[in-house]
Amino acid sequence: MKKALETYKQLLTQKTLIYILLPVLYIASFLLVNAAIDTSSSITSNDSTILESKEVSSTPVTLSEQYPPVTGERTVAVILVNFLDDQDEPGTPEKTLEIMSEVSDYFEEVSYGAVHLSTDVYGWWTLPFDTSRCTEQGSHLVGLDIKKEAIRRGVNLSPYNHVIFVFNKRQGSWCKGGLGTVMGGQGMVWLTWEDTYAGEKTSFDSLYGISRIVHEIGHNLGLKHANRLDCGETTFGDSCTTIGYGDFYDAMGTLSQYRASHFNAFQKMKLGWISDAQDIENRIQTITEDGEYFIDTYETPGGIKALRFPRGPGIKGGTDYYYIEYRQPIGWDTELKEGTHTATNGVLVHLGNDTIDNSSRLLDMQPTNTTGHELLQRNTFKDTETGVEIQLLDTSTKGATVRVRLAE
Ligand SMILES: [Zn+2]
C-alpha cells in the first residue's frame, strides 16, 4: 500500500511520462481506485459506487477550501484516432476546432469569463494495432497507447491541462465515449466521433456531442455528477431516493436532454466561479436572517447569482445547504424553456453538503407535475422537519425575489 501511495504521488507530480513507464496493470488499478472514471454513456453506470467510497473518506473541510478556483486559460489537446483495420475519418480537424471553440464559449459563459479553452487538434492518427486491442485492453490503456504514439510522432502532450482521445467510432465494448478522469494533474477524456446513445445515432459535432465534451471536462475540473432527489409525490420526505445524474438542468446531470446547460450554483461555487465573499463580482449570498431577497438572472455576469443557507448537519458530516437560483433562457440555458423539463418559470432549489462534492441534489418543487421542477410564482415550499420555507414572490427578466424562512 505504501508503494502504491508513493507511486500515486509520483503520478501526480511527474504525470505523463510516468504513466507510460509504469507497468500496465499497475496503471489500470490506479485508474480504477484513485480516479472516478465516468461512464456517462450509460445512466445505469456504476461509477457512483466509486464516488460513494470517496465520499466516506472526505475530510470535514469545505469544498471551497479543498479546491483552488479554476481560472484562466485551459489548454486542450484533442487527438483523433482510428485503427489499422478501421481507418474511417468521420470528421475533420477543422470541424473539431470549431466544436472546441463552442466548448470554450460554454466555459467562458458559465464561468462568467473566468475560464476559456485553447485547443490543438492532432490526427487523424492510425494507431499501430487493430480494433481488437480495445476489447483486450479497454479504453484507459488504449489512451496510454495513444500517448505512446504521440511520443513516437514527436508530440509533447505533457503541458496540456486536458487530453481528449476521440475514437472514430465506438469500437467493441471498450473504446467508446463518455469517460473522464476526476483527479489532480492532467485531465483525460475518452470520446467517440460517431456513437449511438439511447438508440439514436450521435456525433461529436452536435449539441449532444458538445454536452458530452463539457460533461467530461467538468469531471477533469473536479466536478461530480449533479443528482436529483426523488421523493415520489412530495418534494422532500422520509422515503427519498437519490437519482445519480438526475439533475435535468446541469451539464453534470442527465445527458438525455441533448443540451449543455449551466452547472448549478453548488458546482460553480466549488469551482470558485461564484463565491460568498462580500466584494466579489459574481456572488452567492449566504443568508443568515429571515427575509426577502433578490436574485439576479443566473446566466449573465454580475450581481447575486444564487442564494444559500444552511438546512442543518449532514448525515455524513459537514452542513447541508439549500441553494436557490433563477434560470432564464439565455445563452447555453436557452433550451431550458423547451421540452419536458423546464426550469425558467420560477426558481430552482438544490441541496448540497459543503464538504461532500457528490452531494448536489435537485429538489422537485412540482412533484405531481412531470414537466417542470422549478418553484413557481406565489408558491411556497415548506421543509417541515427544519421549518425552512421558500416562497417565490416575483419574477422578471432581470431576476427573482424570494422570501426565505431559515431553519429553526
Ligand atoms: Zn459523468
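This is a predicted model: local features need pLDDT of at least 70, side-chain atom pairs count only at pLDDT 80 or more; totals for chains, interfaces and linings use all residues.
Reader: In strand E18, which residue is the bridge partner of Glu-292?

Author: Residues are numbered from 1 along each chain as its sequence is written. Strands (E, at least two residues) and helices (H or I, at least four) are DSSP runs, numbered from the N terminus. In E18, Glu-292 has as its bridge partner Arg-403.

Reader: Over how many bridges do E10 and E18 pair?

Author: Two strands count as paired if DSSP finds at least two bridges between them. E10 and E18, the latter covering residues 399–405, pair in the antiparallel sense, and the number of bridges is 6.

Reader: Which strands stand at the edges of the open sheet?

Author: The sheet has 4 strands in the order E10-E18-E17-E16, with antiparallel pairing. An edge strand here has a single partner strand, so one side of it is left without a neighbour in the sheet; the strands in that position are E10 (291–296) and E16 (380–383).

Reader: Is Val-163 buried or exposed?

Author: Val-163 lies in strand E3, residues 162–169. A residue is buried if 20 or more other C-beta atoms lie within 10 Å of its own, exposed if 12 or fewer, and partly exposed in between, with C-beta atoms placed from the backbone. Because Val-163 has 25 other C-beta atoms within 10 Å, it is buried.

Reader: Which residues is Val-163 in contact with, leaving aside its neighbours within four places in sequence?

Author: Contact means that the C-beta atoms of two residues, placed from the backbone, lie within 7 Å. With those sequence neighbours left aside, the contacts of Val-163 are Ala-77, Ile-79, Leu-157, Gln-186 and Met-188.

Reader: How far apart are the end C-alpha atoms of helix H8?

Author: The expected span of a helix is 1.5 Å times one less than its number of residues. H8 has 15 residues (207–221), so it should span 21 Å; the distance between its end C-alpha atoms agrees, at 21 Å.

Reader: How many of the residues of H8 are buried?

Author: H8 is followed by Gly-222, whose phi is positive, near 115°. The helix itself is mostly covered, and of its 15 residues the number buried is 14.

Reader: Over which residues does pLDDT stay under 50?

Author: The mean pLDDT of the chain is 84, and 84% of its residues reach 70 or more. The stretch where pLDDT stays under 50 has 70 contacts beyond four places in sequence in the model, and it covers residues 1–58.

Key
pLDDT is the predictor's confidence in each residue, from 0 to 100.
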